[in-house]
Amino acid sequence: MLEPKHIAVIGGGIVGASSALALARSGQRVTLIEPDQPGGTQAASYGNGAFLSPASIIPMSMPGIWKKVPGYLLDPQGPLTIRWRYLARLAPWLVRFLYAGYSLEKVQRTAAVLWSLVGDSPSRHAALAESCGHPEMIHRDGLIYAYTDRAAFEEDALAWRLRRENGLVWHELSADELHELEPALGASYSFAAFVEAGGHCVDPGGFVAAIVAQAEREGITVRKANAKDFAFANGRLKAVLTDAGTIACDGAVIAAGVHSRSLAARAGDDIPLESERGYHVELANPSVTLRRPVMPVDGRMANIMTAGGLRASGQVELASIEAAPDWKRADILRDHLLRTYPALAASRADLRISRWYGHRPSTPDGLPVISRASASEDVIHAFGHGHIGLSAGPMTGELVASLVTRKTPPFDPAPFSAARFR
Ligand SMILES: Cc1cc2nc3c(=O)[nH]c(=O)nc-3n(C[C@H](O)[C@H](O)[C@H](O)COP(=O)(O)OP(=O)(O)OC[C@H]3O[C@@H](n4cnc5c(N)ncnc54)[C@H](O)[C@@H]3O)c2cc1C
């Protein structure tokens, strides 16, 4: 039996929180380093779409995407935009991104690997929420992918084929069945895929906070600080250096979301991590209540009832982390929401709407980095979860704990190695 170690987990989003709890449960002494509230508004884990979807295994880069991108970019109401002034900086990432979806074989491999991360997320999250004393935070009553018609669904045939190949089951819904299941949806949607095994979280930020609170009850310490660097001696980690002092430790986990890139570089790995910025609008007093989460696929947005009201989240904006938000992207979501649920448009003047934006931490190949660092085997990377981090966070925590304790992992994490970018 190995001696317990002192592990510093850097970042209190879903990945850091899940890692801290899994490490505590594996018998390690854990310090969680986070400058803000765990799961607070600064974190992607706060404002996301709250989908826990086994269907979320399709990488953004798919064969033929280069043909679709110009259309998306030219559509001012579309789901994708690039801040052109960052194009030169983003170009290497974009080239890798397009290459990642170049062939069917590549995306088949990616989908299979992502299935290992998110395939059981609804039940995994439900068990985690239960063990944190908050079973009410996770619901497992399915997810609706709504299409205008069957022809629109057929355009996504490859994505659904990949899902089927990995074991996903869904039911096709006719217009009548769809509107019976979700009466608030407008008549322009006449076909859907209903993923009965899907789940959602009613309060993603609160869920992260609840995991951290439970981890504290199980012995971890939370330090309010910004991690800046590492101290190594002969390839072994001695400490994490923060703006609030030095934290001596035997190991560290880099789980700082989009801010992980510079820390990873300090640990010897140059990872092409960029922000795919996303937005949400939340209606505190919606005049409709959704029975289940809905993805109106034409808007590429997730619609869901959360603790704060009816949330619509989505949009991909490629820009630097520092660039100011462009709230027009949130307005696109609001307008799409009003079109999707006609009763909302009728009460538009009275709606109380809040807006949020955040950073998806994205690698170009759509896979996170969960592996030992080059500079020292004591540092573990756990970031880069892009569009699926809420779903993949708890399984990532299990993988991190198995790397630290050198126990058999739930599945082989080799595809997540930082070495793929060397
Ligand atoms: C609009 C949108 C919709 C999304 N929808 C979904 C969805 O429906 N389902 C899904 O599964 N995923 C979704 N995602 C993706 C998901 O939210 C992210 O992948 C996930 O939250 C990333 O978690 P994280 O813990 O890696 O990073 P974060 O949640 O960003 O947390 C990182 C934390 O690290 C801290 N930190 C930063 N720098 C330092 C430092 N130097 N020292 C210490 N701490 C530091 C930050 O303060 C922050 O709290 C969505 C994302 C967006 C933006």
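**Helix packing and positive phi**

After α6 comes G133, and its phi is positive, near 85°. Before I go on, this is a predicted model, where local features need pLDDT of at least 70, side-chain atom pairs count only at pLDDT 80 or more, and totals for chains, interfaces and linings use all residues. Residues are numbered from 1 along each chain as its sequence is written, and side-chain values use heavy atoms, with hydrogens and water left out.

Helices here are DSSP runs of H or I with at least four residues, strands are runs of E with at least two, and both are numbered from the N terminus.

Back to α6. As background, an α-helix has 3.6 residues a turn, so residues three or four places apart point the same way.

What does α6 pack at an angle of about 50° with? The partner of α6 (residues 121-131) is α10 (residues 204-217), and their axes are 9 Å apart. Axes are lines fitted to C-alpha atoms, for helices over the stretch in contact, and angles run from 0 to 180 degrees between N-to-C directions. The two helices are therefore oblique to each other; under 35 degrees would be roughly parallel, over 145 roughly antiparallel, 65 to 115 roughly perpendicular, and the rest is oblique. On the α6 side, the contact (heavy atoms within 4.5 Å) is made by H125, L128, A129 and S131, and on the α10 side by F207, I211 and Q214.

The second pair is α1 (residues 14-25) with α14, at an angle of about 40° and with axes 7 Å apart. That makes α1 oblique to α14 as well. Among the α1 residues in this contact are I14, V15 and S18, and those of α14 include G389, L390 and G393.

Most residues other than glycine have a negative phi. R300, not a glycine, has a positive phi of about 45°, and sits in the loop between β16 (294-296) and β17 (301-306). R406, also not a glycine, has a positive phi near 60° and lies in the segment after α14 (389-405).
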